Amino acid sequence: MAGIYKWPPVEGRSRRWSRVYLLVFEAGQLPSKLDSETLAKRERIAAQCRYTRTPAGPPIDFHSRDQSDRYAPDTKPTLIKNARIWTGAENGTKIIQGDLLLHKGLIKAVGNVPLHFLENLQLEVIDAHGAWVTPGLVDLHSHLGVDSAPRLKGARDTNSHKAPILPWLRSLDGLNTHDEAYELARSGGVTTAQILPGSANDIGGQAFVIKLRQTKERVPTAMLVEPPFTLNGSHFDHDLSPRWRHMKHACGENPSIVYSMTRMDSAWAFRSAYESARKLRDAQDEFCSKVEAGLWSGLEEFPEDLQWEALVDVLRGKVKLSVHCYEAVDLDMIVRLTNEFRFPVASFHHAGETYLVPDLLEKTWGGAPSIALFAANFRKKREAYRGSEFAPRILASHGLSVVLKSDHPVVNSRYLLNEAALAHYYGLPENVALLSITVDSARAMALTTDLAAFRKRSLRKVMMLVSVVYPEKRRCDIHCNPDVVIWDSHPLSLGATPVQAFIDGIRQFQTPQVSIKPPFMQRCPDTPNFDKEAAEAFEYEGLPLLISKSVQHAIFINVSGVYTRSNGDLSLEEHPEVIVAHGGEIICTGTHLTCSKTLDEVDDEVAVIDLEGGVIVPGFTSYGSPLGLTEILLEPSTNDGRVYNPLARDPPTIIGDTLIRAIDGLQFEGRDMLLAYRGGVTAGVVAPSGEFVQGISTAFSLGAPHLLGNATIESDIALHVAITMNGARSVSTQIAALRHLLFGTGGDEVLEGVRNGQSTLVVDVNSADIMATLLRLKAEYENRTSKTLRLTFAGASESHLLANEIASAGVSVIVTQPKPYPHTWDERRILPGPPLTADFPGTSAVGCRCQCWHRPDLTSSRRGTCASKSHVFSSPQMGVSTFLWH
């Protein structure tokens with residue numbers, strides 16, 4: 001097996017006979033009989049040596065078992081009928097129509113299930129009605145349970161800050177069974193996750209693979225998949241086959257920042273740690289060679305060190321190593337390290353520049369690792385700045401294994417499937433996209449034989465995940481693990497949602513809430529041709545030219561529809577023959593005849609654009625992200641910065657009563673801004689960042705070269721404040737300060753406009769309790785002054801709890817997290833949406849304006865996707881124009 005440590009051979013003797021030889025040798029060497037205690041000790045030591053040199057893998061009887069070791073005895077067998085099963089076989093291209101039988105924690109049959117399989121079973125039968133069925137999704141990189149939701153100080157167990165090298169720590173020891181994100185992950189079809197320590201350390205510790213279902217025992221160990229026998233020390237039956245272990249390494253910015261060191265320091269820390277492990281391994285090898293030769297004189301106990309034993313197993317090839325590395329400089333260091341100490345790497349994570357150095361990856365000792373990527377979560381820090389949405393397709397084209405992961409809660413694990421869908425949109429083939437969150441992620445953890453395998457018995461090579469039932473068998477091998485998901489649409493379609501999920505054969509949703517999807521969503525979606533953009537991403541090393549050439553005249557043909565603003569709404573004209581635009585405005589739609597005069601007036605410099613059945617909509621407007629004020633989120637020198645919090649300290653006197661204005665800090669032609677512009681976001685509204693009084697927002701054009709280049713749409717939009725339980729002062733103090741501002745006199749002219757009902761007060765707030773207080777304050781202000789307080793809630797994660805009260809008060813709502821997640825205590829009561837709830841943020845009766853936001857510097861370029869997804873989950877009464885308008 002490539003990448004597995006080779007035990008030093010003993011000349012002239014087969015190790016198969018080591019136990020027998022040991023006894024014969026001793027009988028011949030010693031005239032007196034050894035006492036039973038000595039014999040038992042020597043046999044224990046010999047067994048430990050045999051275990052040390054045995055490769056990790058499933059036990060010999062794994063494929064003949066009749067039930068899973070995770071089987072819950074009270075689980076009823078389930079027959080899923082009439083399913084369209086994505087099998088994962090034949091490189092992810094095999095799809096079959098048929099049934100699945102789940103029984104005793106295993107999948108017992110797939111396809112045309114024989115009747116005798118069903119005899120004497122009290123079956124639960126589910127008719128899938130032709131729905132897609134896939135294996136449960138496998139998240140290769142997650143911090144579920146150690147970075148819990150809501151985020152509270154008492155449950156922060158992602159990183160230790162004790163030292164850069166900590167291979168002896170274990171994520172299992174911090175696994176919180178009460179993390180509210182488990183349910184959310186299951187609702188996205190995720191059934192299995194590798195729980196990694198964080199990336200603050202060069203070696204952060206050991207990782208563990210868990211199933212995400214609730215267990216009767218309610219303890220972390222009951223969630224584990226094939227835990228290593230070393231879990232409770234070295235005292236166990238060493239005749240067992242070793243199980244795979246898992247570990248996390250990290251390099252680059254994170255350890256450097258946490259420990260105030262350079263990359264050179266990190267490299268030396270790695271080398272020093274592995275040298276310690278190598279010395280211990282060599283001492284064990286020397287010891288066991290003497291044991292094998294029967295040279296017991298002077299031998300005491302097997303050499304052990306609890307701190308280094310896990311790293312020794314890395315050197316022996318028994319650990320699936322996950323390495324957090326972004327840049328080529330860090331990847332190169334790790335590759336050299338693997339060759340110096342001769343150990344394999346299972347997967348590089350984040351790996352933003354791997355697509356630029358595919359040949360380097362092949363030089364990793366033991367072979368190229370899997371590459372675990374985000375689909376689009378780039379540019380938030382310097383080492384991620386050259387990342388590309390086209391990285392997955394480029395790596396796949398080089399024959400490298402691509403995995404999409406969440407790094408939960410960086411990306412909510414619930415949306416792991418969306419990562420694969422985005423990668424597919426940018427050019428990753430359909431089969432590879434689905435493999436990347438099932439088969440290939442399981443393989444990177446060496447769990448393919450359990451989590452991911454149906455196979456033909458006559459084949460040695462395990463077929464991936466739910467494989468085809470061969471005619472001569474018409475059954476699944478009984479080792480198949482029954483984590484399956486029934487989807488409401490093609491898994492890569494926008495907003496695909498589980499109808500039901502099974503973990504260890506156990507149903508996960510008692511009353512799933514699922515919207516009805518149109519027939520076309522049962523097909524894999526068509527995607528644009530991004531060949532040119534992918535080539536440019538590679539050519540320009542992640543920084544392709546983004547500034548577009550301005551076109552004054554354009555003619556659009558083959559248009560299926562055009563939405564235009566009219567009387568405060570959007571109107572649709574379907575299948576116009578031609579659309580003529582000038583200076584960014586549509587000047588004629590209709591036939592060539594009706595637009596003939598306009599066409600005659602167009603000069604020779606005209607762009608003719610074939611939309612191939614596409615639709616024209618008004619440009620999107622971004623709100624909720626610091627677009628225009630931030631370039632690299634975690635690099636302060638690239639950002640406008642945060643404003644002073646007057647509740648925490650006095651602002652400089654030179655500022656006076658003037659409020660901070662976003663327009664004064666705008667910066668243009670940043671990569672996020674240009675990508676958003678290419679994605680159809682033509683305007684942005686942004687407010688300064690900070691606590692409590694943030695300042696005054698501005699509206700600007702994303703396509704402008706600078707502030708003086710026709711950039712300003714409206715300089716002063718609204719006054720923004722933030723009220724949160726996470727502030728520097730109490731909520732009641734913040735409310736008192738806001739009351740003082742409203743009932744006071746003087747100050748900035750925009751503040752005066754708010755008092756007079758001419759300007760809008762936007763409050764960034766998530767807690768329903770704080771919103772209720774603000775509604776009370778609004779009523780108090782209007783009763784005492786007889787003036788209208790124009791109030792808008794932004795963020796508004798819990799606004800659904802006060803939908804009627806908010807509507808009655810005439811307050812607008814801007815939902816800035818249509819992908820809800822309970823990050824903090826004041827947003828813990830989210831409306832998660834299907835399959836957990838029927839309603840979804842932005843689709844309730846409040847009539848709120850939906851803005852797509854996940855990480856503030858990343859998703860503005862995909863705002864159209866946000867609107868489309870909200871429409872998918874909406875009621876039939878809410879048309880497309882509703883979401884385009886908002």
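Buried means under 20% relative accessible area, exposed over 50% and partly exposed in between, with a 1.4 Å probe and protein chains only.

## Basis of the model

This is a predicted model, in which local features need pLDDT of at least 70 and side-chain atom pairs count only at pLDDT 80 or more, while totals for chains, interfaces and linings use all residues. Residues are numbered from 1 along each chain as its sequence is written, and side-chain values use heavy atoms, with hydrogens and water left out.

## Disulfides

A search of the whole structure finds three disulfides, a disulfide being a pair of cysteine sulfur atoms within 2.5 Å. One of them is formed by cysteine 49 and cysteine 288, with sulfur atoms 2.1 Å apart. This pair links distant parts of the chain: cysteine 49 is in helix 2 (residues 36-53) and cysteine 288 in helix 6 (residues 263-293), 239 residues apart. Helices (H or I, at least four residues) and strands (E, at least two) are DSSP runs, numbered from the N terminus. The link of cysteine 49 and cysteine 288 is left-handed, with -80 degrees about the S-S bond, and both cysteines are buried.

Cysteine 251 and cysteine 325 form a disulfide with sulfur atoms 1.8 Å apart. Cysteine 251 lies in the loop between strand 9 (245-250) and helix 5 (253-258), and cysteine 325 lies in strand 10 (residues 319-325), so the pair ties together parts that are 74 residues apart in sequence. Both cysteine 251 and cysteine 325 are buried. A disulfide also joins cysteine 588 to cysteine 595, with an S to S distance of 2.0 Å. The link of cysteine 588 and cysteine 595 is left-handed, at -90 degrees about the S-S bond, and both of these cysteines are buried.

Eight strands form an open sheet of mixed pairing, in the order 6-7-8-9-10-11-12-13. Two strands pair if DSSP finds at least two bridges between them. Strand 6 (137-142) and strand 13 (402-404) stand at the edges with a single partner strand each, so one side of each is left without a neighbour in the sheet. From one strand to the next, the twist averages 25 degrees. Axes are lines fitted to C-alpha atoms, for helices over the stretch in contact, and angles run from 0 to 180 degrees between N-to-C directions.

Within this sheet, strand 7 (residues 190-195) and strand 8 (residues 203-211) run antiparallel and are joined by four bridges. Glutamine 194 stands opposite valine 209 in strand 8. Helix 6 packs on the sheet, touching strand 8, strand 9 and strand 10, and its direction makes about 150 degrees with that of strand 9; contact means heavy atoms within 4.5 Å.

Strand 23 (residues 681-686) and strand 25 (residues 698-701) run antiparallel, joined by four bridges. Valine 686 stands opposite threonine 698 in strand 25.

## Aromatic pairs

The structure holds 13 aromatic pairs. Rings of Phe, Tyr and Trp (its six-membered ring) pair if their centres lie within 6.5 Å; planes under 30 degrees apart count as stacked, over 60 as edge-to-face and the rest as tilted. Phenylalanine 390 and tyrosine 426 form an edge-to-face pair, 5.6 Å centre to centre with 85 degrees between the planes. Phenylalanine 390 lies in the loop between strand 12 (370-373) and helix 10 (391-397), and tyrosine 426 in the loop between helix 11 (416-425) and helix 12 (430-435), so the pair ties together parts that are 36 residues apart in sequence. Both phenylalanine 390 and tyrosine 426 are buried.

Phenylalanine 390 also forms a tilted pair with phenylalanine 530, 5.6 Å centre to centre with 55 degrees between the planes. Phenylalanine 530 lies in the loop between strand 16 (506-507) and helix 15 (531-539), so its pair with phenylalanine 390 ties together parts that are 140 residues apart in sequence. Phenylalanine 530 is buried, as is phenylalanine 390. Phe390, Tyr425, Tyr426 and Phe530 form one aromatic cluster.

## Charges over rings

The charged end of lysine 318 sits over the ring of tyrosine 51, 5.1 Å from its centre. Likewise, the charged end of lysine 320 sits over the ring of tryptophan 244, 4.4 Å from the ring centre. A charge sits over a ring if NZ of Lys or CZ of Arg is within 6 Å of the ring centre and within 35 degrees of the ring normal.
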